[in-house]
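Please look over the sequence and the structure first, and then follow the topics below.

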Amino acid sequence: MSRKRIAVVGAGAFGSWIALSAVRAGFETTLIDQYGPANELSSSAGSSRIIRRAYGADEIYTLFAQRSLELWLAFLAEENRSHCFRRTGVLWLANGSDPSIHAARGIFERRKLPHEFLDRRAIRELCPVMDVPAESVALFESDCGALIADESVRTVVESAVRNGARYVKGEVKPPGDIASRPSLEIQNGDSIEADVFVFACGSWLPKLFPEALATTIFPTRQIVFYFEPPAEWARSGAASLPIWVDQTHPAIPYGFPDIDGAGIKVGFHRTGPIFDPDSGTRAVGYEHITEAAEYLQLRFPAMRDAV
């Protein structure tokens, strides 16, 4: 590229890595975010995110995830932040007749990716505290796990700035016809000039480009829950519970072990209600908590009094 100035809008996981990659490649780089890297309103916030390779028959996602894992591990080691990756292992549960898990197994075997394919007995040996349906099978990735999301993203931004990127905190005005404009306007009156603009804004994209994206991208609300684990788990070895994705259940719940005392984390892999990332309520209703608690009690009988 002959054009050397890049402005990246959005300092989440994607935007931060784009900025770091750009400045490493020698581009004059500006990174912009209205709330700050991995802020609490963003999808890159929070204490943990799953990093795994199994995506059914979608081999390209498996390869992307493998490359992502390699890059994160190398980067965190360089930054002396290896603690930001927790090798819990990731267990994908599915019905034995589900073709997606068998397709994933075929990809892992062909690509020689580390994994174990488990029947119900082996699942119970790996996770004695977990009760799964009789027809369950699982693909287990022992070398995958959790990224400490907010600290990891902030570390990428810090590295980008240390390598020469400029970081600007401010709200970008909707740019309109960006192709004909050499700059972006910030709400405080400043402007950012660049030859190339990258918008890695996630849920904010429809607000910046309402004509193009308001009827295409629909941010929705997904809730995650944290429950205190039973005291006996610490004595029974359950503290080594892997991350799990439960495709045997219609709501496709997923969960994390208790990382750094935050509690057992549970969410549901499904589309929620339409949500405004700036003004949407983050209050959680009793019915949401009840659903998550009932699921935990189903899979983990020891959590019958989950709070």
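A crossing of two helices is called left-handed if the near helix is turned anticlockwise from the far one by less than a right angle, and right-handed if it is turned clockwise. In this predicted model, α2 passes α3 in a right-handed crossing, whereas the crossing of α1 and α2 is left-handed.

**Overall form**

- The protein contains nine helices and 16 strands, and its C-alpha trace spans about 60 × 45 × 35 Å along the principal axes.
- A compact globule with 307 residues would have a radius of gyration near 19 Å, and the 21 Å of this protein agrees with that.
- Of the 307 residues, 47% count as buried.
- When contacts between residues at least 6 apart in sequence are considered, 69% of them join residues at least 24 apart.

**Helices α2 and α3**

- Two packed helices are described by the angle between their axes and the distance between the axes.
- Helix α2, which covers residues 59–78, packs against helix α3, residues 99–111, at an angle of about 55°, and their axes are 10 Å apart.
- This angle makes α2 oblique to α3, because angles from 65 to 115 degrees would count as roughly perpendicular and those under 35 as roughly parallel.
- On the side of α2 the contact is made by Glu59, Thr62 and Leu63, and on the side of α3 by Ile107, Phe108, Arg110 and Arg111.
- Sorted by class, the residues of this contact are three nonpolar, one polar and three charged.

**Helices α1 and α2**

- The axes of helix α1, residues 13–24, and α2 come within 14 Å of each other and cross at roughly 70°.
- That angle makes α1 roughly perpendicular to α2.
- Here α1 contributes Trp17, Leu20 and Arg24 to the contact, while α2 contributes Leu71, Trp72, Phe75 and Glu78.
- By class, the contact of α1 with α2 has five nonpolar residues, no polar ones and two charged ones.

**Arg111**

- Arg111 lies in helix α3, and at 44% relative accessibility Arg111 counts as partly exposed.
- Leaving aside residues up to four places away in sequence, Arg111 touches Glu59 and Leu63, both of which belong to the α2 side of the contact with α3.
- Between Arg111 and Val8 there are 103 residues of separation in sequence and 34 Å in space, C-alpha to C-alpha.

Notes:
Residues are numbered from 1 along each chain as its sequence is written. This is a predicted model: local features need pLDDT of at least 70, side-chain atom pairs count only at pLDDT 80 or more; totals for chains, interfaces and linings use all residues. Side-chain values use heavy atoms; hydrogens and water are left out. Axes are lines fitted to C-alpha atoms, for helices over the stretch in contact, and angles run from 0 to 180 degrees between N-to-C directions. Helices (H or I, at least four residues) and strands (E, at least two) are DSSP runs, numbered from the N terminus. Angles under 35 degrees count as roughly parallel, over 145 as roughly antiparallel, 65 to 115 as roughly perpendicular and the rest as oblique. Contact means heavy atoms within 4.5 Å. Ala, Val, Leu, Ile, Met, Phe, Trp, Tyr, Cys and Pro count as nonpolar, Asp, Glu, Lys and Arg as charged, and the others, Gly among them, as polar. The radius of gyration is taken over C-alpha atoms; the globule rule is 2.2 Å times the number of residues to the power 0.38. Buried means under 20% relative accessible area, exposed over 50%, partly exposed in between (1.4 Å probe, protein chains only).
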